[in-house]
Amino acid sequence: MRDPVSPSHPPDSSVAGTESLPPGPAGGLRAGTPAPDRAWLERVRVREPEALGQFYDRYLDLVFGLAWRLLGDRTLAEDAASEVFLKVHRAADRLDPARDPAPWLATITTNVCRDVWRSGQYRMSRRAADVHDPAAAASLSSGRNDPEADTLSSERERLVQEALLALPEPLRASIVLHDYQGLDHREVAEVLHIAHDAARKRYSRALAALELRLRGRV
Amino acid sequence: MSERLGEPTAAEKAAQDAVRALGQPRADAAFRTRLRHEFTTGRFGRRVPADRPRPWWALKRVMVPVAVAASALVVAGVALNRGPDWRLVSAAGEGRIVVDGATFSAGDAALAARLRHGGHVKVEGAVTLDLAAPRIAAVTLAPDAEIQLSSTPGRWWARGMRAEVASGDAYFTTGRGFHGAHLDVSTPEVSVRAVGTSFAVLRDPVGATCVCVMEGRVRVGEAGAGPASAVEVPAGMRRIVQPGYGAETKPILDESVHRLHRQRDLTGAMLVR
C-alpha cells in the first residue's frame, strides 16, 4: 500500500509539464506559480508556526478548490481540507524541500476525497445536493461590478459543476485534476495510482462524457 | 465510449475550456481562520467522525459494567432456567446399567450422579430403572431397554424434552410442573408428542413400536412424516406401527397399565400429581 502522504512525485513533475496547460487560479498548480523557496519548506518541515501559516495561506485555496470541485459540496470540501491539513501537519517532517509540495497536496486531497466518496455521508449529500451555493457564487463573482455578467458566469459555473458531479467519480477526478487543477497526464496518473496510458484513456473517456453532458448547455 | 487518444473534437475542447474557466472557490473567512489556527498550532478540532465525542453509552466506563452485568444476567438466566435434575428413584434387579459408555451395577452409588442430566442409558439384564425429575416427569426403563434421554425442560424457555427409544420398553408420566412443556419420544418407526400424560413406548426386537396411552392424549406419527400425518391416540388405547404392515389402534394392554400404575405409585409424590 502506498503512503497517501508520502511525497512521491518526481522532481520534474513541475506544474508546467510537457503538455499544454491552461492558466490557473492563484495558489494552484498551474503555470506561472513561482517555485517555493527551499529554506522556507525546511521551516515547514520542522513545523515552525510562521512557516506553517505561510504554507497554509499559499495552499489552502488549492486544497479547498480541488476538494470543492471533486465533492461539489462546501461542507464536505471544508471537512476534506481540514483532513488534508491535519495529514500534512502530521507528515510535515516527510516533506521534501527540494520539490514543489503542490502535487503532493493534490494527491492527499484526492485521496481524502476518495475516502469521502466511499462514505455514507457523501452518498446522502449527493441525494440532496444543491449545486447552486449562493456563498460559492458570491465568492466566484468577477468583481467587475457587472451584475449581468456575474449572473451569467455564475450560471455557467453551476452548469459545468453539475456536469462534473454527474460524472462517475474516477472520470470526474481525471477531468478536475487535468483541466481544473492543471496536472499533466503523468501527474494525474501518479495522483490516481494508475498507469500513464490508463490516465490518458480515462481522461479521453471523461472528456467525451463531460461534453455529452454539457452539449447545448454552455 | 471510445478509447480515442487523439486531438479532442471542437465540442470537447469547449468542454475543456469550460472546466478550465471555472473559478477558484474560496472557503469562508471563519473557516479559513479556524483551520489556519489549527494548522499552525497543531491543535486540530475534533471534527472527523472517528474523533467525535462518543455517546455516553459507548463510553468504556459505561460499557464495561453494562457488558459484565449483561453477561451475569445471561449466566444467571441460563442457570435459573435449568429444570430439575433427574433423580434415581430405584434400580431393582440383577444386571447392569450403562450410562454414556460407563457401566454401573444396580446398587452403584455413582449411578445417580451420572444420570442427573440424562444421556444414553442402556439397561442390561433384569434391571428395572426408575428415574424422576421432581414435579416434571418420570421415566421407567424395563429390562433390556435402551434410550437416549435429554435433560428436563427449562423453566421459561427451551421447554422441550426428548427421548429416543432404541429398543425395549419405556414408560413416561408427566407431573404438574410439566405444564406448558412437551415431550417428544421417538423410535426408528414412530414419533410421539405428548403434552401431559402417562404413556408407554414399547419397541420390540422385530422393529414394531407400540404406544400405549393410559391417561391424556398423545399424537403418534410415523418417523420422518410430518405432524399433519400423526394420529391422536386417546387414553385407554394403543397405537401399533410396524413398517411394511401399516399401523392400527387397539385397546391398551393390561401389562402397560400395570407398569404405568406402578410408576405412578412409585413417583407420584415427587411429581405432585
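In chain B of this predicted model, B:Gly83 is in contact (heavy atoms within 4.5 Å) with B:Thr152, B:Pro153 and B:Gly154, when its neighbours within four places in sequence are left aside. B:Gly83 belongs to the loop between helix H3 (60–81) and strand E1 of that chain; helices (H or I, at least four residues) and strands (E, at least two) are DSSP runs, numbered from the N terminus. With a relative accessible area of 10%, B:Gly83 is buried. Here buried means under 20% relative accessible area, exposed means over 50%, and partly exposed lies in between (1.4 Å probe, protein chains only). The C-alpha atoms of B:Gly83 and B:Ala158 are separated by 9.8 Å, while the two residues are 75 apart along the chain.

Residues are numbered from 1 along each chain as its sequence is written, and chains are lettered from A and ligands numbered from 1 in the order in which they are written. Local features need pLDDT of at least 70 and side-chain atom pairs count only at pLDDT 80 or more, whereas totals for chains, interfaces and linings use all residues, and side-chain values use heavy atoms, with hydrogens and water left out.

Chain B has 5 helices and 16 strands. Of its 273 residues, 41% count as buried. Among contacts in chain B between residues at least 6 apart in sequence, 51% join residues at least 24 apart.

Helix H5 of chain B (residues 254–271) has a kink of about 45°, centred on B:Asp265. The bend at a residue is the angle between axes fitted to the seven residues ending there and the seven starting there. The buried residues of H5(B) are B:Ser256, B:Leu260, B:Gln263, B:Thr267, B:Gly268 and B:Leu271. Their cover includes strands E1 (87–92), E5 (128–133), E6 (137–141), E8 (160–174), E11 (198–203) and E12 (209–215) of chain B. After H5(B) comes B:Val272, with a positive phi near 55°.

Positive phi values also occur in loops of chain B. Most residues other than glycine have a negative phi. B:Asp100, which is not a glycine, has a positive phi of about 50°. B:Asp100 is placed in the loop between strand E2 (95–99) and strand E3 (102–105), and it counts as partly exposed because its relative accessibility is 41%. B:Arg135 is not a glycine either, and its phi is positive at about 70°. The loop that holds B:Arg135 runs between E5 and E6 of chain B. B:Arg135 has a relative accessible area of 41% and is therefore partly exposed.

Turning to chain A, the secondary structure comes to 10 helices and 0 strands. Read along the sequence, the pattern is α-α-α-α-α-α-α-α-α-α. Chain A has 218 residues, of which 53% count as buried. Of the contacts in chain A with a separation of 6 or more, 73% are between residues 24 or more positions apart.

Two packed helices are described by the angle between their axes and the distance between the axes. In chain A, the axes of helix H2 (residues 49–71) and helix H3 (residues 74–90) come within 9 Å and cross at roughly 140°. The axes are lines fitted to C-alpha atoms, for helices over the stretch in contact, and angles run from 0 to 180 degrees between N-to-C directions.

A:His89 lies in helix H3 of chain A and is buried, with a relative accessible area of 13%. Residues up to four places away in sequence not being counted, A:His89 touches A:Arg47, A:Leu52, B:Phe39, B:Thr41, B:Gly42 and B:Phe44.

Helix H8 of chain A (residues 169–180) is mostly covered, with 10 of its 12 residues buried. Among them are A:Leu171, A:Arg172, A:Ile175, A:His178 and A:Tyr180. Just after H8(A), A:Gly182 takes a positive phi of about 85°.
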